[in-house]
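Please take a look at the sequence and the structure before reading on.

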Amino acid sequence: MLEFILQFLASSLTEGCVYALIALGLVIVLRSTDVLFFVQGTLAMVGGITLYALFAQLNIPLIISIPLSLIICTIVSLLTLHIIVLPLLSRGAPSMSVSIVTIGVSMLIEMAAMLIFGKNNLAVPSFSGDEPVTILGASFVPQHFWIIGFTAGALLLTLIFFKWTWMGKAMTGLGDNQLLAKAIGFPVRRLFRYAFIFSALVGGIAGIAFAPISYTGFGIGTRLTIKGFAAAAVGGITNPVGALSGGLIIGLFESFTAGFISSRLKDLITMALLLLVLWLRPQGLFGKKNN
Amino acid sequence: MELPGINYLNSLVKRRWPFLIFIAVIIFFPVVISSYSIVRLGVVLAIYAIIITGMTVLTRYLGIVSLGHAGFFAIGAYTSSILCVKLEINPWLAMIGAALLTVVIAFLFCVPFLKLRHIYLGMATLGLGQVVYILSKSMDNLTGGAAGFADIPYLQIGSLLFDEDKYLFYLAGFILIIFTFIVDNLGQMRLGRAYHAIQSNEKAARASGINVQKNMLHVFCFSAFLASIAGSILAHFITFISPESFTMDISFACLIIILIGGANIWSTLITAVILLGFQEAVRGLHDFSTGVYALLLIVTFFVFPDGLASVIFPRSKAAKKKSKLYSRDIPENLKSSEVKNNTGKILEVNDVSFNYGGTQALLNISLSVEYNQIMGIIGPNGAGKTTLLNILNGFLMPLNGTIKYQNTDITHKQVHELAKMKIARTFQLVNLFKGMTVIENVMVGRHLKGKTGIFRSGLNLKTSRDEEHIIWDGAVKSLESLGLMHRAYDIVDNLSFGEQRQVELARALALEPDLLLLDEPAAGLNTAETEKLADNLRNIRDQGITIILVEHNMPLVMSVSDTVFVLNFGMSIACGTPEFVCKEEKVITAYLGKEAKNVS
């Protein structure tokens, strides 16, 4: 029994990390632009699928193909920012409309991916073998450590960025009042650019690290965005630590539901959690109340 | 010789031509089209059109984005089928039962979630839609799970069995005609204006007496109701349903159609027919069509963010058309003959305090205002003048103290309730309903002159037509009294700042207030405009309306006010006639500083 629980904990940790990364990207873009960036999960798809093309198909070593995949993600994200988001925002479109438009963008990217790679699930080999390691009775595949490592690294960098650089501090406050920020001379466009690069990097890392464990494919993005939003909402959209804890909580609930009740109800528990938190504590479990 | 009724027919055709064409299309479509598959497509289109009709009101009139209406669609379909098959209830009753259940669920959803706004509400609806989808997939015993639910009976009236697509097309078409009529009317009437007002400026909408939460609740339940009916028809049409008919993609597709279509039922219906027809035509390339949807959505937001409707059916034209409808005099029985001659105190503020998270904004303020007076409130910036107005009309609740208005305690009343008690206000920064014409803005001010709900208003019954007439008539009067009638059909965004201020005043007057709160009405006006304002204020008072005037323009305040109340740092420092206040030492100190006084 204990082994079971440990096993679930292990799998919840890895899934939770992916949700946390997506949530992190969503929070940063939401905080700085007030836009819910539906492309976030799709960027994970782009990362995973590019890695598939470079690493699994063309056999380019990881040390090159991972950075290349991240660069592709960044390009997609920045294109979205400059072609869609910035022009719309500067015309005074409400952030709600821009959020909806990003749903359209994510649909377009998905279609492009489908046209290039087809509808099948794509398998990416593990980064360092598939020999399971047993810790306290729960077995991990090496890829799990990659995921945890990547997440920890991304989170650490995020915290440093937001705690100790003025740019980071500015970004978290921007969504509150862009006009004011502009008026006192913040380079708003540059900040937006950083936010979108950031979102591309965390999304890409999530997609890349997770691709060997679960299949990747053109349609995984929307699901990830929704899970990521649920994680962000549960943790509280105001801070990066909230996003991480939200992701882990969602991961925990999901794997225990899958393990003890039914794997078909996995998604149900996430949605129920999302609704529960929006109802009882709209600012999230770890968020500060915002007047 | 002129036939009787020909004029009526003429005006009917002129006013309702899109509707008449629509009815003709519904009637002749199955007659003309013999292709089995196209008629079948017609039924599917009509079913989706029913959902879209409801969502148009929700999203385009009111501005609530729902990402989960497929959930209500599913609840309708599944409840209807389960009631029919498992409990052997008559399919029509099952349909009604399903619709009622959906409305109850929508209501329960609204209670906690309508307080959320924008994307959070959208994500909550998405969550609801997903919950319904997953439940329908996993409750094998009840819904048949992923395999679907089969053997749903056809609908039946007497011996007429709705087993042919043609009949179902007429059924769905009939329902669609009714609700198109309702939604089309709604858009042009009192409630439609209220919805637009909420979407455009919630604060000003509340000040005009619109109960925002209640209206949102009604519209949300209305749109859920329509989605449910559509779901039931789908179930009895295909006689088989599976969770895949109710995925998130369905919600997204409907939303995209509405966003492209805009705030007019005809343009959304046209969009629906084109896009859904296209999707069906390229069925083999199913995922290709989502790309087209996405592309069109993006292009729409760049080219016409308010949707096709803003191009095909511009708002200013519709308002002008309406003017002809109400050009005749208002019938005698609808005229109000209220004469105001109250005396005594209209408002008594007792010991009211307020602070913004530690910053004291008002401290133990007491004041009283008599009927038919103008009270000026002056004080340096940050003295708490606007805070006081916000407390008086309910935007803020005082921390302690009481407010009595016309001998009723109003301390804890909400904004729209106070508007109902005839307290109107204008704002320091202009708060108009953008995108609407001047006359519509003013008509929103008369929202409380009507009582009809969605159905009575949408069916254009006589009571609601009379209400419209009263609202129109008063709005015209209010505009005329300020000399603004020549701008009535212009979109309010295009007016100069001074004119916008006047429109706001006209809107407040349209409420026929007993107490009018004005927050710096002269700010930004030139000398001539200010003089005109002073005349207007005196006229308004002489009509029996009490005014509280917050203003920085001293000559204006001193010339029109009967009493002046001076605030400084949240405390009252003087109150009395203009002459008295001018000489009061504290006032001079507050305005000019101590040293300046010493010098003089």
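Asp351(B) counts as partly exposed because its relative accessibility is 39%; buried means under 20% relative accessible area, exposed over 50%, and partly exposed in between, with a 1.4 Å probe and protein chains only. This is a predicted model, where local features need pLDDT of at least 70, side-chain atom pairs count only at pLDDT 80 or more, and totals for chains, interfaces and linings use all residues. Residues are numbered from 1 along each chain as its sequence is written, chains are lettered from A and ligands numbered from 1 in the order in which they are written, and side-chain values use heavy atoms, with hydrogens and water left out.

Asp351(B) sits in strand β3 (residues 345-356) of chain B. Helices (H or I, at least four residues) and strands (E, at least two) are DSSP runs, numbered from the N terminus. Asn407(B) belongs to the loop between β6 (400-405) and β7 (408-409) of chain B. Neither is a glycine, yet the phi values are positive.

| Residue | Phi | Relative accessibility |
|---|---|---|
| Asp351(B) | about 60° | 39%, partly exposed |
| Asn407(B) | about 65° | 64%, exposed |

**The sheet around them**

In chain B, four strands make an open sheet with antiparallel pairing, in the order β4-β3-β6-β7. Its edge strands are β4 (359-370) and β7 of chain B, each pairing on one side only. Two strands pair if DSSP finds at least two bridges between them; β3(B) and β6(B) have five, in the antiparallel sense. Leu347(B) has Tyr405(B), in β6(B), as its bridge partner.

**Where the chains meet**

How many residues does each chain bring to the contact? Chain B brings 37 residues and chain A brings 36, where contact means heavy atoms within 4.5 Å. About 3300 Å² is buried between chain B and chain A, and carbon and sulfur atoms give 85% of that area. Buried area is the accessible area (1.4 Å probe) that two parts lose on being put together, summed over both.

Between the two chains there is one salt bridge, meaning a side-chain nitrogen of Lys or Arg within 4 Å of a carboxyl oxygen of Asp or Glu. The side chains of Arg264(A) and Asp140(B) form a salt bridge at 3.3 Å, N to O. On the side of chain B that touches chain A, α4 (91-113), α5 (118-138), α11 (248-261) and α13 (286-303) of chain B each supply at least two residues. Of the contributors to that side, α5(B) gives the most, with 14 residues.
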